Amino acid sequence: MKQPTKQPSLPLTVCYIPTNYVEKSQSVHSNFFRFLSTLLTAYYGSKAREVLTRLLEEYRLGATRDGAVIFWQIDRNDKVRTGKVMHYNPEDGHRIKRGLTSAVNWIHSILKKQQVLPEEWQLSQCLFGEHLLKSNPGKVVVLVESEKSAVIGSAIFPGYVWLATGGKSQMREEKLRALTGRTVLLFPDVDGYAEWKQRAGSMTFCRAIVSDIIERNATPKQRADHIDIADWIIYQIQEGKLMCTSNHLVEAEKILQRMIEKNPVLQKLIDDLDLVLVGASPIGSSD
């Protein structure tokens, strides 16, 4: 019996959310922003207001009526994919998990329930902060897991484009392709180093380096607390050691040296945060 001819799969239609929802939501009145304000005021003093304004505008941080933050996912074409709604403790900046759920809601889910979006609307995620790539073509990209880490990282190290995957398991190629041709530094959470190291090795469309600073230096308690790079930065601020981490360059391979020559600003981050090359080949680069 003749087998039916397999039809080619149709390309996924990317659905969007109207940008006016981002504009209406942008606000300093979230508990996450309150924590951020306290942290940066302690670190920057009077300069904190300027930094906070930049973060609010660049990441277009939103807020709900009950104090949750909205981390909008906006792609390279300034199209809004969705918004991630999360609750944070304004005192310590830790995420509040209610009951057995992670207390994460999504703007597209809310709008579908309100029948603002049709039922056939489909989510297609992008990197948090992806829209910043277009306006910063020459900057090194720093990729982290959580949106919180991206915002705090950008606050303290503004010379880089800080993006977030939205979780350890979100290192998906369809998201990462936005980084094609870029130099990318990966900072996994304490429990994600091995997985991200493996994943970085296959990111042949960009120059990928992974940091093992948390993997090598986290205390047993910090491991138990599942810290991320934001927690590490906050810890270093509190201990007065932010700029005093080891500047030892592990295995300074020729590939990395060529990357540094093309991106001199990369050397400062290597010194500050103790990076290690994981052997990702810069295939497709101009080298």
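Reader: Before we start, what should I know about the model and its numbering?

Author: It's a predicted model, where local features need pLDDT of at least 70, side-chain atom pairs count only at pLDDT 80 or more, and totals for chains, interfaces and linings use all residues. Residues are numbered from 1 along each chain as its sequence is written, and side-chain values use heavy atoms, with hydrogens and water left out.

Reader: How do I read the packing of two helices, say helix 3 and helix 6?

Author: Two packed helices are described by the angle between their axes and the distance between the axes. Helices here are DSSP runs (H or I, at least four residues) and strands are E runs of at least two, numbered from the N terminus. Axes are lines fitted to C-alpha atoms, for helices over the stretch in contact, with angles from 0 to 180 degrees between N-to-C directions. In this model, the axes of helix 3 (residues 48-59) and helix 6 (residues 147-156) come within 10 Å and cross at roughly 135 degrees. That makes the two helices oblique to each other (under 35 degrees is roughly parallel, over 145 roughly antiparallel, 65 to 115 roughly perpendicular, the rest oblique).

Reader: Which residues make the contact?

Author: Contact means heavy atoms within 4.5 Å. Helix 3 brings Val51, Arg54, Leu55, Glu58 and Tyr59, while helix 6 brings Ala150, Val151, Ser154 and Ala155.

Reader: And aromatic pairs: how many are there?

Author: Rings of Phe, Tyr and Trp (its six-membered ring) pair if their centres lie within 6.5 Å; planes under 30 degrees apart are stacked, over 60 edge-to-face, and the rest tilted. The whole structure has nine aromatic pairs. Take Phe71 and Phe128: their ring centres are 5.4 Å apart and the planes sit at 75 degrees, so this pair is edge-to-face. Phe71 is in strand 2 (residues 69-74) and Phe128 in the loop between helix 4 (107-113) and helix 5 (132-135), so the pair ties together parts 57 residues apart in sequence. Ring pairs also link Phe32, Tyr59, Phe71, Tyr88 and Phe128 into a cluster.

Reader: Is Phe71 buried or exposed?

Author: Buried means under 20% relative accessible area, exposed over 50%, partly exposed in between (1.4 Å probe, protein chains only). Phe71 is buried at 0%, and Phe128 is buried at 1%.

Reader: What does Ser30 contact?

Author: Ser30 sits in the loop between helix 1 (20-25) and helix 2 (31-44), and is buried at 1% relative accessibility. Leaving aside neighbours within four places in sequence, Ser30 contacts Gly62, Ala63, Gly67, Ala68 and Val69.
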